[in-house]
Amino acid sequence: MIRLIRNAVLLLALVLAATPFARAAEEVDLLLVFSSDVSRSIDHPKFLLQRDGYANAVSSPQVIDAIKSGPNGKIAVSFIEWSGYGAQKIVVDWTVLDSIASGRRFGDQIVEAPRSFADRTSIAGGIDFAAAQLERANYVAPRKTIDVSGDGTNNAGRDVRLARDEALAKHITINGLVILSDRSVPWNAEHTNPPGGLEKYYRDNVMGGPGSFVMVAEDFQSFGKAIIKKMIAEIAMLPAPRIIMR
């Protein structure tokens, strides 16, 4: 009997030793997905300005100060790119930002990665893919946000309002950063300049959730300043009035 008990205890110890235990999810103040439009209306110079804008923003001292002011002093971010239907990709996976150094490492990965797509524009696909990244993140946060930046309307995939509403039902906030175009694309003038303007389109069809907002970059040159102000507003939960960056 003693031998049986001893063997049972030994067997239990071996089973426990071989069983992988899930690591407790790390607590952060915000889960933030940068969801970046790389459709064909964004030419190569605009693409580079957009990438550089994100890379500089995540290591900006103002942004890092806002991050450190939170209860945990850190946020987790992911960077994805999207274009047409089924064209979405993780460029930089979940990373904790808590210092200028961590921001620079994240930014370096953004600018070093090759461009993912140059197809049509499925904002809906970008939202759906970003929401899926939030669900798989191994972090816990009281707030989940998707940053959608783009220069045109949804013209591929499903209705963007359906994607938005499904994300909102999961308690995800969606903010927009509209990049205005000085010229319409020749193949579809209303894509980058819809009736009422692209800002109104984003307000009506893309943004949603508590404290959600849309900011406007009048061109790609002003994108970097806009994303810094946008990140600070999101991290610090500041009221976000209509801001146009020039």
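## Exercises on a predicted model

The second largest pocket has a volume of about 200 Å³. The model is a predicted one.

**Exercise 1. Which residues are closest to the centre of the second largest pocket, and which elements give two or more residues to its lining?**

Solution. 
- Step 1. Start at the centre. Of the 13 lining residues, Arg143, Thr145, Thr173, Pro210 and Met237 are the closest to it.
- Step 2. Move to the elements. Strand 6 (144-150), strand 7 (173-179) and helix 9 (223-236) each give two or more residues to the lining.
- Step 3. Sort the lining by class. It has 5 nonpolar, 5 polar and 3 charged residues.

**Exercise 2. Describe the chain as a whole: its elements, its burial, its contacts and its surface.**

Solution. 
- Step 1. Count the elements. The chain has 9 helices and 9 strands.
- Step 2. Check burial. The chain has 246 residues, and 50% of them count as buried.
- Step 3. Look at contacts with a separation of 6 or more. Residues 24 or more positions apart account for 80% of these.

**Exercise 3. Which residues of helix 3 are buried, and what do they pack against?**

Solution. 
- Step 1. Find the helix. Helix 3 spans residues 61-68, and its buried residues are Val63, Ile64, Ala66 and Ile67.
- Step 2. Look down the axis. The buried residues of helix 3 fall within an arc of 160 degrees, so they line one face of the helix.
- Step 3. Recall the geometry. An α-helix has 3.6 residues a turn, so residues three or four places apart point the same way.
- Step 4. List the partners. The buried residues of helix 3 pack against helix 2 (44-57), strand 3 (75-82), strand 4 (88-97), helix 4 (100-112) and helix 9.

**Exercise 4. Is Tyr85 buried or exposed, and which residues does it touch?**

Solution. 
- Step 1. Locate the residue. Tyr85 lies in the loop between strand 3 and strand 4.
- Step 2. Apply the cut-off. Exposed means over 50% relative accessible area. Tyr85 is at 70%, so Tyr85 counts as exposed.
- Step 3. Find the contacts. Leaving out residues up to four places away in sequence, Tyr85 touches Ser122, Ala156 and Gly157.
- Step 4. Tyr85 and Ala124 are 39 residues apart along the chain, with their C-alpha atoms separated by 8.6 Å.

**Exercise 5. Where do His171, Gly197 and Arg40 lie, and how accessible is each?**

Solution. 
- Step 1. Take His171. His171 is found in the loop between helix 6 (160-169) and strand 7. Its relative accessible area is 69%, and His171 is exposed.
- Step 2. Check the backbone. His171 is not a glycine, yet it has a positive phi of about 65 degrees.
- Step 3. Take Gly197. Gly197 lies in the loop between helix 7 (189-192) and helix 8. With a relative accessible area of 25%, Gly197 is partly exposed. Gly152 is 45 residues away from Gly197 along the chain, and the two C-alpha atoms are separated by 10.0 Å.
- Step 4. Take Arg40. Arg40 has its place in the loop between strand 2 (31-37) and helix 2. Arg40 is partly exposed, at a relative accessible area of 43%. Arg40 and Thr121 are 81 residues apart in sequence but 8.0 Å apart in space, C-alpha to C-alpha.

Definitions and conventions:
Residues are numbered from 1 along each chain as its sequence is written. This is a predicted model: local features need pLDDT of at least 70, side-chain atom pairs count only at pLDDT 80 or more; totals for chains, interfaces and linings use all residues. Side-chain values use heavy atoms; hydrogens and water are left out. Helices (H or I, at least four residues) and strands (E, at least two) are DSSP runs, numbered from the N terminus. Buried means under 20% relative accessible area, exposed over 50%, partly exposed in between (1.4 Å probe, protein chains only). Contact means heavy atoms within 4.5 Å. On a 1 Å grid over the protein atoms alone, a cavity is a set of points where a 1.4 Å probe fits but cannot get out, and a pocket is an open set with protein on both sides within 12 Å along at least five of seven lines; lining residues have an atom within 4 Å of a point. Grid points are joined across faces, edges and corners, and a volume is the space filled by probe spheres set on the points. Ala, Val, Leu, Ile, Met, Phe, Trp, Tyr, Cys and Pro count as nonpolar, Asp, Glu, Lys and Arg as charged, and the others, Gly among them, as polar. The arc is that of the directions from the helix axis to the C-beta atoms.
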